[in-house]
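The following account leads the reader through selected parts of a structure, from its helices to a pair of strands and then to the ligand. Please keep the sequence and the coordinates in view while reading.

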Amino acid sequence: MNESSKKSIQQALLSPCHQSTIRRWSARLDKCFTISDLQRLFEKRIPPVVGDYFLGGASDERTMEDNVAAFEQTRFAPHYGVSHQTIEMTTTIAGTDITMPIIAGPIGSLRTLWPKGEAVAAKAAGEAGTICTLSTLTGTRLEEVKAASPHDCWFQLYLVGGKDVAIKGIERAKRAGYSALVLTIDTPVAGLRYRDMRNGSAEAINGSIFQKLKFAPQMMRHLSWLTSFYHDGGLMEFPNIELPGGEPMPYADIGNQLQQSAVTWGDLEWIREVWQGPIIIKGIHTVHDALKATDAGAAAIVISNHGGRQLDRVLPTLQMLREIAPHMKGRSTEVLVDGGIRSGGDVAIALATGAKAVLIGRAYAFGLGAAGEAGVTAALSILKSELEHTMRQLGCGRLEDLNESHVLDYRP
Ligand SMILES: Cc1cc2nc3c(=O)[nH]c(=O)nc-3n(C[C@H](O)[C@H](O)[C@H](O)COP(=O)(O)O)c2cc1C
């Protein structure tokens, strides 16, 4: 993107049109008390051909649904008769202090939801005192995202474009001040996203004018999104993947690119040498891989099935956590989990089951798509206050007080 188009985007963000979008959608947050409320607002503002990418999962979406169901099937066992003046929710992950055990995970293409979506999300997360993780597959320059946040950010690395392109990305992230590198290992190939195939998203992106015309009716019903999208420059590029000629990777078929750039355990060595800082390995499903990551010196692991977007019919992450956490006791590698977290109660369950903190994905993407920065702030504030409420009910004043005795598996 050249200087003049950058300038015109900045002007667009300040434009009366975008300001009125911000006011209009932020006002609706008054009626959002839960993450599900934010999801409903997201679905009102975002056209289905765009929103489905965020709402959907792989194949039959069984794992995506199971992730949520596993939390829903868990019940609490409160320890009453205790009272805490204050609830202490601060913790430290990979050397960074955060005000709540909730981190914004890497989500690709956030810029399709809101102008400069990645920077807007990082600002909201940083102001809430937590980390935002920037995916490689995003539409805002990583330097600009880091500068928008008053807090630490993590950079999530894909090897798209090959080793030399990745090295450039790592070096840029280092220079920009990212404090940890997240290596996602569960994408040897892109997931089978039937929902996107059915809704024709490839045609919406790469199709002829006639193919694109078929989306006109849904665009007309989502004019507020459409005007923001065009004011922000239209279809994003990937400025965090600088091709050998220096130009950003176009928004092409990312599926093929991922297949040619699967991360292996062998890659860890050169990545560590270039990065020289904490590495977090995301996409751990088994005790075997958790121990492998620990032996490889990972600062933390993220037990994650990519929100059910990669291999369908793998276990829900809460079940993976139950199996892996006992093997990680006493080790310095920290245990994080994501997948299906939609309430502060879910966060409490994850911590009671052995996680030190959680990553959220769709929960904050719903907020961003619904109302931009104010929406992400709302998502984090909902989760934080629900977690505080749950901890008071359970009789836990500190995060470390949450343990297995507070949760029960429930089958009606
Ligand atoms: C639309 C979307 C895009 C995603 N893009 C990435 C990505 O680029 N890199 C990555 O490591 N994980 C990615 N993820 C996975 C998330 O980081 C996280 O593991 C997942 O969203 C957690 O599940 P949840 O959405 O149910 O909270 C993506 C998830 C979604 C929903």
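In this predicted model, helix α8 has four buried residues, Ala-166, Gly-169, Ile-170 and Ala-173. Viewed down the axis of α8, these buried residues fall within an arc of 100°, so they line one face of the helix. On the other side of α8, the exposed residues are Asp-164, Glu-171 and Arg-175. The cover over the buried residues of α8 includes the helices α7 (142-148) and α15 (267-275), together with the strands β6 (153-157), β7 (180-184) and β8 (238-242).

The length of α8 can be checked against its residue count. The helix comprises the 14 residues 163-176, and at 1.5 Å a residue these should span 20 Å; the C-alpha atoms at its ends are 20 Å apart, and therefore expectation and model agree. Just after α8, Gly-177 adopts a positive phi of about 100°.

The buried residues of α2 are His-18, Thr-21 and Trp-25. Because their directions, seen down the axis of α2, fall within an arc of 50°, these buried residues line one face of the helix. The other side of α2 carries the exposed residues Pro-16, Gln-19, Ser-20, Arg-23, Arg-24 and Ala-27.

Attention now turns to the strands. In a regular strand, side chains alternate between the two faces of the sheet. In strand β11 (residues 300-303), Ala-300 and Val-302 point one way, Ile-301 and Ile-303 point the other way, and all of them are buried. Strand β10 (residues 279-284) runs parallel to β11 and is joined to it by four bridges. Within this pairing, Ile-281 has Ile-301 of β11 as its bridge partner.

The last topic is the ligand. Which of the 24 residues around the ligand come nearest? They are Gly-108, Ser-135, Gly-307, Gly-361 and Arg-362. The elements that contribute two or more residues to the shell around the ligand are α4 (48-55) and α19 (362-394). Sorted by class, this shell holds twelve polar, eight nonpolar and four charged residues.

Key: Residues numbered from 1 in each chain as written. Predicted model: local features only at pLDDT ≥ 70, side-chain atom pairs only at ≥ 80, totals over all residues. Near = placed C-beta within 6 Å. Nonpolar A, V, L, I, M, F, W, Y, C, P; charged D, E, K, R; others polar. Buried ≥ 20, exposed ≤ 12 C-beta atoms within 10 Å, placed from the backbone. Arc of directions from axis to C-beta. Expected span 1.5 Å × (residues − 1). Contact = placed C-beta atoms within 7 Å. Pairing = 2+ DSSP bridges.
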